[in-house]
Amino acid sequence: MSDTQTLIENRPPSVAALFLERVAATPDAEAYRYPVPNAAGEGPDDWKSLNWGQAAERVYAIAAGLIELGVQPEQRVALASSTRIEWILADLGIMCAGAATTTVYPQTNAEESAYILADSDSRVLIAEDAAQLAKAVEKRAELPDLTHVVVIDPAGVETADWILTLDELEKRGAARLEKDADLVKERVGAITKDQLATLIYTSGTTGRPKGVRLPHDNWSYMAKAIAATGLLGQDDVQYLWLPLAHVFGKVLTSGQLEIGHVTAVDGRVDKIIENLPVVQPTYMAAVPRIFEKVYNGVAAKARAGGGAKYKIFLWAAEVAREYAKVSQDNFRRTGIASVPFGLRTKHKVADALVYSKLRDAFGGRLRACVSGSVALAPEIGYFFAGAGIHILEGYGLTESSAASFVNPGEAYRTGTVGKPLPGCEVRIADDGEILLRGPGIMEGYHGLPEKTAEVLEPDGWFHTGDIGELSPDGYLRITDRKKDLFKTSGGKYIAPTEIEGSFKSVCPYVSNILVHGADRNFCTALIALDELALMGWAKENGMEGKSYAEVVAAPETVAMVEGYVKQLNENLQRWQTIKKFRLLPRDLDVEHGEITPSLKLKRPVVEREYKHLIEEMYEGTREA
């Protein structure tokens, strides 16, 4: 048996047991860093640390406090909060009490929050603040089984017999542990591998969210499999900002327990740029939108610096892409990432002028980023790779505990999601659909056996709904979502996300794009522009002082975007080309239900909302 197999097969029965093992192994090692406002109340935050022993004190107190509230094994405790240190401690506390965490995005409205709480039969809600508490108060009549709400940030909250603060819960738990010191360890010891650990509701691009049942063994396997990749070590520092209600963020907390590295936690997206030079992470996971925003921001800053600076940036961007493509291709063929002397010389100059500043903005120590959730446009990936910021694309779903594939370190290939994690099996169905099997696959959808049977075969193969291709040496390339593929009236199949990704790598001003063309005789697009990048361009083009909506509606803006659409079309097959487009009056967002909290496009919602613009583009055309 290989060392990797031994590592995976000798996994503990629960995440809670994994946590106890980590605390016993390195109690004094730093576990977490988290920001607190500085004493002066202005300027950058101070950062504090918890070692594993200190984290355990709080986790055990939370677990014992929940037991005091009457929480029984496998009962659900909902967690509605942004990413912060208390989210992780509460999640570990819930699992150490033998209970299961129901994750709720803080952006979720009161109606859908109530649906999730009721459908999951959650007995306790741990809410971030008064705003999250208000949703439970509003819908309390519909939640007879919800006995208590625990509030993390008590500002503006009036406690009651069913409302208490996290601090109060921890004090109750600590008092219980004084009488019964082994209470938590006994609960952890009784957890079986098939016991429910997490119930994650898919944010869903259509319809009501479904609760995905992920038992302890899923996370225990994930922790060991991530360690087995060799991508991370105990000396790494992870910057964690992803929403922990999403499976991508959640799996990162399991991997850390096995490896024991430091995690700096702060979910405030507007603080990322400020935090990176302070935290100086060696590793970070993100979704493609973040890398697109960074790329567009750097391009906009170069453009604002004048024609010469912008020309230098464009030249450096092309050098980066060429360097990445050549070095990756040579590594694939020979095992050495070599490049010709001339290209190496150009790259050195570009590094001094552009890339080094970009790396400094990421903290200067970043070894790798992992990108997931949706596809990263290859041209964006090649740019960062050539600039020395290595983006390892990965792939997985909520139903597969997030991580099924990841690119292997130095041998990563931009445009692919890498190879399967140890223990994960893959095959491609006759219609191109990716099927997965292994210890990371869910138990099923909560209370929905028919829906479970639609995607999970009796022999364990899970139908992902994604279309992909496997290379002879095992690298997977995702081409599209099965349900997103459409056929034109001329009978040609179109993969819209591929075209959308290509446009994002061509146009530095795009935020979101939706390609439409099902049963039509040509393709069209709805395009939303990034406000920050666009307003910088507007200032340079005589539109300073105008609103975003006015700039979007201006003929000059339409003409500018049309130039990028023509550039896109040059590299597409005739039937894929975008014949017409419309600019949207505002960006797509979570609040309007047009994108999910994990930044996936909700196509039916957008097409319904802007149906008039789509129909306008096809007016007067003859449909075949």
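# Salt bridges, cores and a sheet in a predicted model

Arg-176 and Glu-68 form a salt bridge in which the closest N and O atoms are 2.7 Å apart; the term salt bridge denotes a side-chain nitrogen of Lys or Arg within 4 Å of a carboxyl oxygen of Asp or Glu. The pair links distant parts of the chain, since Arg-176 belongs to helix H7 (residues 166-179) and Glu-68 to helix H3 (residues 52-68), 108 residues apart. Helices (H or I, at least four residues) and strands (E, at least two) are DSSP runs, numbered from the N terminus. Arg-176 counts as partly exposed at 24% relative accessibility, and Glu-68 is likewise partly exposed, with a relative accessible area of 41%. Here buried means under 20% relative accessible area, exposed means over 50%, and partly exposed lies in between (1.4 Å probe, protein chains only).

The structure is a predicted model, in which local features need pLDDT of at least 70 and side-chain atom pairs count only at pLDDT 80 or more, whereas totals for chains, interfaces and linings use all residues. Residues are numbered from 1 along each chain as its sequence is written, and side-chain values use heavy atoms, with hydrogens and water left out.

The structure holds 36 salt bridges. Another of them joins Asp-236 to Arg-367, with the closest N and O atoms 2.7 Å apart. Asp-236 lies in the loop between helix H9 (216-228) and strand E10 (237-240), and Arg-367 in the loop between helix H14 (341-361) and strand E13 (368-371), so this pair ties together parts that are 131 residues apart in sequence. Asp-236 counts as buried at 6% relative accessibility, while Arg-367 is partly exposed at 41%.

A further salt bridge connects Glu-498 with Arg-477, the closest N and O atoms being 3.4 Å apart. Glu-498 lies in helix H17 (residues 496-506) and Arg-477 in strand E21 (residues 476-481), so the pair ties together parts that are 21 residues apart in sequence. Salt bridges that share partners also join Asp-45, Asp-266, Arg-268, Lys-271 and Glu-274 into one network. Leaving aside its neighbours within four places in sequence, Lys-271 is in contact (heavy atoms within 4.5 Å) with Asp-45, Tyr-239 and Asp-266.

Strand E21 also takes part in a sheet. Four strands form an open sheet in the order E17-E18-E20-E21, with antiparallel pairing; two strands pair if DSSP finds at least two bridges between them. Strand E17 (425-428) and E21 stand at the edges with a single partner strand each, so one side of each is left without a neighbour in the sheet. Strand E20 (residues 462-470) and E21 pair in the antiparallel sense over five bridges, and the bridge partner of Asp-466 in E21 is Arg-481.

The nonpolar residues come next. In soluble globular proteins, nonpolar side chains tend to be buried together. A nonpolar core is a set of buried Ala, Val, Leu, Ile, Met, Phe, Trp, Tyr and Cys residues joined through side-chain atoms within 4.5 Å. The largest such core has 168 residues, and those with the most contacts inside it are Phe-19, Tyr-32, Phe-384, Phe-503 and Ile-527. Helix H3 gives the most to this core, with ten residues. Apart from it lies another core of 18 residues, among them Ala-80, Leu-125, Leu-133 and Val-157. Not counting residues up to four places away in sequence, Ile-527 touches several residues, including Phe-503, Val-561 and Leu-583.

An α-helix has 3.6 residues a turn, so residues three or four places apart point the same way.

Finally, Trp-219 lies in helix H9 and is buried, with a relative accessible area of 0%. Not counting residues up to four places away in sequence, Trp-219 touches residues including Val-15, Ala-197, Val-247 and Ser-401.
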